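Subject: Handover of a structure and notes on it

Dear colleague,

I am passing the structure below to you, and my notes on it follow. Please read them with the structure open beside you.

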Amino acid sequence: MTITPPPSSDATRLVTPAMLVLWLVLATVPLWIAKVGLYPYLGIEILIWSLYALAFNLVLGTAGLPSFGHGAYFGIGAYAFGLCQFNVVANLWVCLVAAFAVAGLAGALVALFISHRRGIYYAFMTIAFGQIFWTLAIKSHGITGGEDGLLKIARLPADFGVASFNLNDNVAFYYFVLVLFALAVMAMWRLTHSPYGRVVAAIKQSETRAAHLGYNVWIYKASIFTLSAAISGLAGGLFAMAQLAAFPDVMSLHQSGYVVMMTLVGGGLVSFWGPVVGVFVFLIARDVIGALTNAWMLYFGLLFIAIVLFRPEGIAGAVSAAFQKHSLIRRQGNSAMRLLFGGERWR
Amino acid sequence: MFDLLPHLLNGLTLGLLFALIALGFMLIVGLMEQINLAHGSLFALGAYFAMQLMGSRPPFPAELVKVWFAMPLGWRYAATLVIAPAAVGLVGIAIEFCMRRTYGKDPLYGLLLTFGAAMVIEETIRLVWGTRDYVLQVPQAVSGGFLFGDLIWSTYRFYAAGISVAIIGVVWLVIEKTSFGATVKAGAHDSEIVRALGINLTRLRLLVFVLGTVLAAIAGIIVAPIWGIRPHMGVDAVIPAFLVIVLGGVGSFWGAVVAGLLVGLCVGLSGAYASEWSLLSMYILLVAVVTFRARGLWGKKSVLEA
Amino acid sequence: MKKRGISRRGVLKGSLMASVIGGTGSFFGPWKENRVWAQGAAKPIKLGLTCDASGQYGNSGQDDMRGILMAIDEVNAKGGVMGRKITWITADTETTPATGSRVAERFITREDCTILLGAIHSGVANAITQVASKYGVIYMNTNSSAPSEAGENCSRVKFVWDGNGTNFSKASVKNAVDSIGKNWMLLTNDYVWGHTTSASTKGLVESSGGKIVDNLLVPQNTRDFTAYLLKIQQAKPDVVATAIGGDDIKALREQVAQLKLDGKPAWINNQQDWPDVWGSPDSLFGVFGTTWYHKLQLPGVAEFVKKWQATNKEGGIPVPGNVSYNGYMATRELLKAIERAGSTNNVKIIKELENLKVPATDRMQHFDAYMDPVTHQMQQTIYLARRNAKPVDKTDLFDIISWTEPKAAEDTAAAAKCKLVPYEQVPTVDS
């Protein structure tokens with residue numbers, strides 16, 4: 001992107017106006033989602049995938065590392081959540097931490113092998129590890145249930161000591177996911193705008209230059225990958241709760257490809273919010289196009305090609321560019337669009 | 001030891017097939033520094049076109065159909081080996097035209113574009129031919145089995161391995177021993193020089209891409225009688241192709257061939273002695289090699305590792 | 001299917017227009033729906049069809065749906081159930097468990113479906129079962145044949161209509177040990193279905209006096225079986241029993257046929273689904289199982305095939321096979337059970353189905369069939385077949401060589417693994 005970022009203090013904030021607007025809008029979703037012909041479960045799925053895509057984008061967008069096997073960590077998180085519930089303790093907080101930690105551990109292990117690699121070699125190493133984890137999940141059916149899935153995972157109650165909330169109802173669970181989503185977004189926003197995040201972004205620009213400046217590139221590459229895997233695992237744990245089960249399919253190369261597509265279609269390479277935009281477009285387009293034809297992948301593929309050819313910066317990038325042109329003339333604007341897409345240049 | 005020999009032989013023939021599958025992918029990666037994820041779909045398309053030509057309803061006008069069926073099966077097969085890849089080459093031209101917009105940008109965009117193309121081709125295959133699977137007819141001379149060392153071997157497999165050797169040889173000759181090859185290689189390393197020499201770089205890239213496409217289609221036709229023809233076969237091919245290239249190292253012709261053989265041996269031998277790990281073994285092989293060698297076996301410096 | 005699709009969409013557009021004009025402004029989401037009720041009629045009963053249209057089992061999923069729709073049409077032509085018409089809605093479950101969960105959630109919470117039908121892939125079926133049992137919605141597992149479906153993963157709301165690997169092993173193994181030979185080799189796909197199927201084969205071989213000389217585990221997505229075929233030739237077993245599924249069995253079939261290895265050793269395969277067989281008939285080999293065949297010499301079969309063909313001219317499969325048959329039977333018996341129960345209350349329907357007995361003539365099979373009340377699996381005639389050497393037409397691919405009565409093929413270990421929740425714990429559903 002060649003557009004110069006407008007001066008903005010958002011980078012230093014814990015909560016930006018864009019976040020507030022987004023959260024408020026999302027908080028009202030259960031009130032109207034049924035009226036537009038959708039259903040709360042779809043809302044849950046969109047939130048979880050948004051969290052997953054944001055975590056993935058720490059690697060792809062922020063650090064510029066092509067990881068094509070990220071589904072593995074999402075899946076490991078889901079299994080970790082279920083297995084913790086069955087074998088360790090049926091406590092929501094413990095099991096969510098387990099999902100985060102186990103996926104992070106798997107990510108750290110992989111990071112050990114790949115962080116000194118670049119480009120195509122890096123990309124294929126992530127694919128290879130993704131395939132290894134996926135195969136192991138199917139093979140170890142004594143633990144994971146194999147292709148039958150790890151079933152009967154419960155939505156454990158959210159126990160705060162003073163009060164405990166039952167999450168079995170989809171609307172209650174939606175709000176629970178929303179709160180976690182909000183917290184994770186704040187954390188990721190701070191992270192990308194911290195000194196650490198700026199070094200990672202510098203590595204994206206040029207690994208060699210960052211190394212010459214004295215940064216230990218390996219440590220940064222390994223740590224951001226580990227962190228991204230851990231947050232993906234957290235999203236996976238939530239997904240296991242949503243589905244009441246965990247299946248190996250989310251770990252396949254196919255599904256790992258989806259999160260790459262969502263992130264790029266949305267504009268993850270140029271905007272913090274790109275992955276979220278992509279998830280909304282992808283999941284809703286799948287439903288709408290899927291209504292008209294079983295060959296929805298054909299049309300989505302064509303849309304994807306068109307985006308790569310004509311709007312390689314993705315939807316968020318395009319909207320942001322369009323808005324900035326607009327605002328250069330108007331020299332003002334406080335609309336939600338600016339808040340969502342144009343307000344925070346983050347690179 | 002005598003137990004081991006058949007499996008070594010099997011691994012070698014399998015390896016040659018992997019090398020053939022990776023060949024078109026390698027050309028495009030090595031000479032254009034673009035990752036063509038549509039490689040597998042073009043591979044599948046080759047098989048489907050061939051199946052259509054060899055089937056009971058070839059896509060010709062009525063008079064030509066008569067002539068076509070008057071030819072013996074062997075002739076028809078030979079003609080199919082030319083016509084189907086040429087038709088797939090046209091699809092390759094279309095993809096290359098789209099790809100031009102991504103040249104000079106991050107190679108990620110070329111990869112994504114071809115990923116989209118792969119989705120579109122696979123879905124189109126589903127729409128046109130349905131989800132069922134097909135069998136590609138081959139001439140009697142190369143089908144069936146023969147007895148060797150008390151074991152029945154597939155004749156077709158050795159025919160396919162032989163074809164692989166021949167095609168690998170021809171491609172090597174074209175790249176190393178012709179002026180076209182010299183220009184192409186120069187273009188890959190330094191497009192400035194090629195331009196200065198007054199060579200049309202646009203046309204050169206188109207030619208390389210089409211050559212890669214045609215090779216993908218030929219591989220599809222050769223492998224189809226072994227794997228069967230179904231929409232998913234493209235994905236089954238592109239992952240090993242990608243793996244072979246990364247293992248061999250970007251830009252290394254013999255690296256890819258050796259990597260193909262290694263993968264074949266690895267899958268073949270583990271299939272016999274640790275069967276449940278046979279498919280995973282190739283990934284483990286890759287991790288083992290790339291952990292210690294930054295550019296696979298004999299990879300060269302490339303923009304693909306920026 | 002194409003024709004139906006268009007007309008359905010027509011209906012959808014019509015109602016969209018109506019709602020826009022009516023000012024309700026309701027957004028019509030991504031589903032295909034069939035509204036057949038006239039004004040003033042009793043409220044229809046709405047079924048959700050969770051059939052794969054894409055992914056590995058897209059082909060079979062659509063064949064499943066053809067059978068389901070045929071049963072619905074028959075009942076509607078007779079005036080419905082208890083005077084109420086049957087409406088239905090479907091969406092592609094993509095052979096993906098996550099999609100299965102979402103579609104089931106939508107059908108139940110948004111579309112008010114009170115019963116779900118349709119399954120091929122065990123992961124998808126389990127995902128749907130999880131959602132269905134959360135809401136107490138009855139789910140007809142038409143075609144997913146993993147033994148765990150009626151074992152550890154059974155459910156009070158789920159009924160399983162297909163025969164499973166254990167059923168087919170029971171029908172084939174003892175006979176083969178006696179008549180072919182005692183040295184067996186297993187070729188097992190390395191995932192749950194493969195392992196459970198091979199485990200039951202192994203037990204039966206050993207209890208019949210045979211022995212397993214080797215068990216080769218084959219990873220999922222194996223396309224090249226040469227290493228295994230060489231290994232089999234080196235070991236020289238009398239019989240090779242395979243538990244290979246999906247696209248892998250198709251590749252294996254082609255490679256075995258090419259080498260003409262289908263004579264010796266003898267091959268015993270598990271169930272072969274008709275939509276897969278129809279895809280590559282030339283490479284059928286060995287002995288394999290099925291629950292139904294369109295040329296069974298039984299009363300009613302020919303009429304059933306004609307009727308099926310009349311409504312399914314498109315779709316690429318010319319005659320109904322076991323998948324379509326299971327879909328049809330599950331739906332027909334479900335609707336009859338509602339009629340008998342005289343209620344759409346879920347527990348009442350479940351109790352009816354648990355006591356279900358279907359005479360052989362109604363089943364179009366050789367023996368009477370019955371629902372096992374403990375495991376919720378339909379116990380039915382199991383057929384063994386081989387490739388037909390003298391077909392009377394191009395669809396006549398099977399030569400049925402034996403039929404085994406339900407009791408003899410029963411999966412006796414399942415009952416101990418299946419724990420159904422008490423009726424009181426099933427949330428009440430009524431429509």
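Axes here are lines fitted to C-alpha atoms, for helices over the stretch in contact, and angles run from 0 to 180 degrees between N-to-C directions. Helices (H or I, at least four residues) and strands (E, at least two) are DSSP runs, numbered from the N terminus. This is a predicted model, in which local features need pLDDT of at least 70 and side-chain atom pairs count only at pLDDT 80 or more, while totals for chains, interfaces and linings use all residues. Residues are numbered from 1 along each chain as its sequence is written, and chains are lettered from A and ligands numbered from 1 in the order in which they are written.

In chain A, helix α2 (residues 40-62) packs against helix α11 (residues 253-266) at an angle of about 80°, their axes being 10 Å apart, which makes α2(A) roughly perpendicular to α11(A) (the term covers 65 to 115 degrees). Among the residues that meet there are A:Tyr52 and A:Phe56 from α2(A) and A:Met262 from α11(A), contact being counted if C-beta atoms, placed from the backbone, lie within 7 Å.

Turning to the chains, 32 residues of chain C are in contact with 31 residues of chain B, and the elements giving two or more residues to the chain C side include α2 (58-77) and β8 (211-218) of chain C.

The contact between chains C and A takes 32 residues from chain C and 28 from chain A, and on the chain C side α3(C) gives the most, with eight residues.

Best regards

Definitions and conventions
Parallel < 35°, antiparallel > 145°, perpendicular 65-115°, else oblique. Contact = placed C-beta atoms within 7 Å.
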